[in-house]
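Let's walk through this one from the inside out.

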Amino acid sequence: MLATVSGCRKAQSGVEIVTIQSGGTVEIEMIRLPGGKFFMGSERGIELERPVHEVNVKPFAIGKFEVTQRQWKAVMGGSNPSKFTDGDDLPVENVSWDDAQSFLKRLGNGYRLPTESEWEFAARGGTLTDFFHEEKQGKTGEYAWFIGNAEERTHQVGKKLPNPYGIFDIYGNVWEWCDDD
């Protein structure tokens, strides 16, 4: 099943949303980001995140939502590795890096996982802070499912507020894979 770009529309901050149709049965919305320079890493984080350093990323597209079980099943021929299967709009989980590579290969058209730099650029949403919502003290639960509010399970994608680029669930709900480490 190869994916094709079926249309674009402008989203907030001048970002484009690209809709990908796979097999005519499922759409995967991508947000096209402009790229640019930013400071990656954190002095507050784990040792691997140090030191803070300037990174330049080229324009790229990233999923507006985590890959759902509906999308995974459509692309992977019905298989579903998820533990929580009580909703097709839940994110797919229990996926290895190799599983993600197989999904992308079946999706076609050169889609790949984001690099760690691209993921962090997207996650920060154009802000200068480690987390895009840092200025909103105590508001993490409005943007993310995490151990304090998830009740030990995944939740339907897109139910929390998006980041400034219009990306949902960039923090929390499930772990995301990057192409590099």
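Which residues of α3 are buried? They are Ser 117, Glu 118, Glu 120, Phe 121, Ala 122, Ala 123 and Arg 124, where buried means under 20% relative accessible area with a 1.4 Å probe, protein chains only. Seven of the nine residues of α3 are buried, so the rest of the structure largely encloses it. Helices here are DSSP runs of H or I with at least four residues, and strands are E runs of at least two, numbered from the N terminus.

A word on the ground rules: this is a predicted model, with local features needing pLDDT of at least 70 and side-chain atom pairs counting only at pLDDT 80 or more, while totals for chains, interfaces and linings use all residues. Residues are numbered from 1 along each chain as its sequence is written, and side-chain values use heavy atoms, leaving out hydrogens and water.

Back to α3: its buried residues pack against β3, β4, β5 and β6. Follow Phe 121 and you'll find it touching Leu 33, Phe 38, Val 57, Phe 60 and Tyr 165, among others beyond four places away in sequence; contact means heavy atoms within 4.5 Å.

Ring pairs also link Phe 121 with Phe 38, Phe 60 and Tyr 165 into a cluster. Rings of Phe, Tyr and Trp (its six-membered ring) pair if their centres lie within 6.5 Å, and the structure holds six such aromatic pairs.

Conventions:
Rings of Phe, Tyr and Trp (its six-membered ring) pair if their centres lie within 6.5 Å; planes under 30 degrees apart count as stacked, over 60 as edge-to-face and the rest as tilted. Buried means under 20% relative accessible area, exposed over 50%, partly exposed in between (1.4 Å probe, protein chains only).
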